[in-house]
Amino acid sequence: MVSKTSSSKEARLNSTEAGNPTGFTPERFEKELKDLARKAKSDTFSSRLLEQLGLYIRIVLLLCLLGFYSHVSQLNLSPVYGSIPASIWHSKLLMGGCFIGWAGNVFLRDYIPISTVNILPIIAICTPGIQHFLGTFSQTFGPQWGPVITEALTLLPLSAFTAASVADYWENARLSKLPRFVADAGPGIGSWVVFKYFENQFATYLPLIVGKFMFFTRLGFEMLLAVMYMAFAPSKYLIYTAFPFFHMFLLNSHVQSPAATKNLISNMMTDGWLFMERRESVTGYISVVQSIQQGFRVMRCDHSLLGGEWIDHRGGPVSEPIYGVFAMLEAVRLTETVPLVADKDAKALVIGLGVGTTPSALVIHGVNTTIVEYDPVVYEFAAKYFDLKENNPPVLKDAVGYTAELAKTAPATYDYIVHDVFTGGAEPVDLFTLEFLQGLHTLLKPQGTVAINYAGDLALPAPKIIYRTIKQVFPSCRIFREMPPDTEAIRTKGMDFTNMVIFCKKSADTALTFRRPTTQDFLQSSARQEFLNLKNEVPEADMLGEGDDIMRKNETAKLAKWHEKSALGHWGLMRTAIPAIVWERW
C-alpha cells in the first residue's frame, strides 16, 4: 500500500516531467552526467590514437588502390589502342577526376544518396564491362578519342569518388594543433604525393609479374581490384552489380580462362581467323593469330605486329616473311669485306627476335648466331609457331645491360650485328642512344657490319636525330626503304611512315658495298628474291637534315615528344594490315 505523501510526490514529478517539453528531470540529468563521465573516461589518448590511425590507414589504402588502377587502366587499353595513345590523356583525366572529387566532396556527399566510398566498388566492378563494350567501337573512336572516352567513363569517376572519399576522411582528422596553412593545404598535397608514389611503384613493378598467374593479367588485375574495393566498402548496393560481376568473370572474352578462350576461338573462326595462343608478358599482350582466307600467321604485341609468315608457302628451308624488311636485314651477309668472311666462319648477334625471320635465315646459311630477346613469351611463341632456327641458346635479357657487359668481356667478337627492335609506333629510345650504339661498335670486328631496322615517320624530326646519332658511331652507312615513298599520303596526311634498314660498317677505310645475291642466298623464297637486292635507297642528306642534335642516354626526351604523332600514324597502319575485329577481341 502506497502512502498519500509518496503518491503525491510521484504525481508532482510526473506532472513536472510531462510539462517539460524536453523531458528534463533530476534523474535524467544524473544519467546524462554519468554518460558523459563514461564517454570522457573512454576518450583516452590510446583510443583517439587508434581512431586516427584507422582513419589514415583507410586514406592510404584508397590512394594505393587508385594508384594500382591508374596503371591497370592503361594496360587494358594498350591492346586496342597501343600504350602511347592510351597514355596521351591519361594523366590529365586522372588529375581532373581528383580535382572534381576533392573540390566537390560536399556536393557529392549531400546530393548523392549513396556514400562516395560505397560507390567505388560499383565503379570498379562495372569498369571491365565498359572497357569491353567501348573497345568494339575503337575503329569509330580512333586512337585519339577512344582512350579519352573510355577513361572518362571509368578511371575519371573512380578517381573523383576516391578523392571525395579521402576528403571526407580528412575532415575527421584532428589537425587543429597544426599551423593553419599546414592544416589547410597539407591533406591535399600529402594525398597527391602518396598517390603518385603508389602509382609509380605499380608502374615499375607490375610489368615484372604480369602473366605469372591468371590474376596477374590485365583483366585479372581488374578482378582483383574489384574484390579489394568490395572488401573495403561492402554495402547492400552491390546487389545492383550482379550482372557486371557475372560478365566480368564469365562472359568477358579478355579473361584468360579456358571457357573464355574457347568462346574467343569460336568467334574468331566465324570471322575467318584462327586464334592460336595468347599470353601476357613483360613487353605487353602477346598473341598469335592466323588468317584462314589469306593464309598468313602473325604475332602481335599490344597494338603492333612483331612479324609474320605466309603459311601457304611453307616447305622451303625457311619461312616466307609477310614483311620484306626482315629479308632486307639478311643483306648484312652480302656486305663486301677484305678478306671475305665465309658463312661458316662468321658470327652474328641479333638484338630483338620478333618471329625469328632474320636469325633463322642466318642459321640456315651456317652463321653462328646468338639471339638477344627481352621477352621470354616472344621467344617461346617464335619457336612454337614460326619454326625458329637456332644454333646457340637464346639470351633472354635486357639488351642494354647485356651488350654493355659483353662489350667489356668480348670486344670485336661479331662479324654482323642485327638491331631489330620496334613496337607500338615508337622506337625503344634506350636502344638508340649514343652509348648503346658505341657498345655495338665495340662488339663488332674491324670489318664488321651492323644492320639497324628502323620504323618511323620520316616526316618527323625523330628519324633524323636517330640517324645522326648512328653516324657519330659508324662513319660509313647506307639507308634503304622497304617501299618507295607514298606521295599521296605525304601530300594529304603529311606522313611518311616506313620500314627501313640502315647498314653501317665499323671501318671507314672502304666504301660500304654489297655483293650481288645468288640463288643460294634466296633460300627458295620469293620475298628474298625481291628484297635482298636492296632497292629504294634513301639519300643520306635527307636523313641528316639541317640540325646537329644526337641522342645520349640522359637525353631521350628529345624523341619522346615525337612519339605521340608517330604512334597515332602507326595505329592506322596496323588497322590496314589486320582488321579492327582482331585487335579489339585480343
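Lys445 counts as partly exposed in this predicted model, because its relative accessibility is 25%; buried denotes under 20% relative accessible area, exposed over 50%, and partly exposed the range in between (1.4 Å probe, protein chains only). The side chain of Lys445 meets that of Asp415 in a salt bridge, with an N to O distance of 3.3 Å. A salt bridge is taken as a side-chain nitrogen of Lys or Arg within 4 Å of a carboxyl oxygen of Asp or Glu. Lys445 belongs to strand S8 (residues 444-457) and Asp415 to strand S7 (residues 414-419), and the pair links distant parts of the chain, 30 residues apart. Asp415 counts as buried, since its relative accessibility is 8%. Helices (H or I, at least four residues) and strands (E, at least two) are DSSP runs, numbered from the N terminus.

Residues are numbered from 1 along each chain as its sequence is written. Local features of the predicted model need pLDDT of at least 70 and side-chain atom pairs count only at pLDDT 80 or more, while totals for chains, interfaces and linings use all residues; side-chain values use heavy atoms, with hydrogens and water left out.

The structure holds 23 salt bridges. Side chains of opposite charge can pair when their charged atoms come close. One of these bridges joins Asp302 and Arg218 at 3.2 Å, N to O. Asp302 is placed in the loop between strand S3 (296-301) and strand S4 (304-310), whereas Arg218 is in helix H11, so the pair ties together parts that are 84 residues apart in sequence. Asp302 and Arg218 are both buried. A further bridge is formed by the side chains of Asp496 and Arg481, at 2.9 Å, N to O. Here Asp496 occupies the loop between helix H20 (487-493) and strand S10 (497-505) and Arg481 lies in strand S9 (residues 476-481), so parts that are 15 residues apart in sequence are tied together. Both Asp496 and Arg481 are buried.

The nonpolar interior was examined next. A nonpolar core is a set of buried Ala, Val, Leu, Ile, Met, Phe, Trp, Tyr and Cys residues joined through side-chain atoms within 4.5 Å. The largest such core has 50 residues, of which Leu158 and Tyr229 touch the most other members. At least two residues of this core are supplied by each of H3, helix H5 (90-103), helix H7 (116-135), helix H9 (155-171), helix H10 (180-209) and helix H11 (218-232). H3 contributes the largest share of this core, 11 residues. With neighbours within four places in sequence left aside, Tyr229 is in contact (heavy atoms within 4.5 Å) with Leu62, Leu65, Leu66, Tyr69, Leu120, Pro121, Ala124, Leu158 and Thr162.

Together with Leu50, Leu53 and Ile57, Leu61 makes a nonpolar surface patch of about 380 Å². In an unreviewed entry, the UniProt annotation "transmembrane region" covers residues 49-69, 89-108, 115-134 and 146-169. Over residues 89-108 the chain is 90% helix and 0% strand, with end C-alpha atoms 25 Å apart. Over residues 146-169 the corresponding values are 92% helix and 0% strand, with the end C-alpha atoms 34 Å apart.

Several features concern the backbone. Val338 and Pro339 are joined by a cis peptide bond, with omega of about -5 degrees, and Pro339 is found in the loop between helix H14 (324-329) and strand S5 (347-351). Leu523, although not a glycine, has a positive phi of about 55 degrees; Leu523 is placed in the loop between helix H21 (519-522) and helix H22 (526-531). Gln524, also in the loop between H21 and H22, has a positive phi of about 60 degrees although it is not a glycine. Leu523 counts as buried at 9% relative accessibility, whereas Gln524 counts as exposed at 68%.

Methods: Patches are made of residues with over 30% relative accessible area and no salt bridge: like charges are joined within 9 Å, nonpolar side chains (Val, Leu, Ile, Met, Phe, Trp, Tyr) within 5 Å. Accessible areas come from the Shrake-Rupley method with a 1.4 Å probe; for residues, only the protein chains shown count as cover. UniProt positions are given in the numbering used here, feature names are shortened, and annotations may be inferred rather than shown by experiment.
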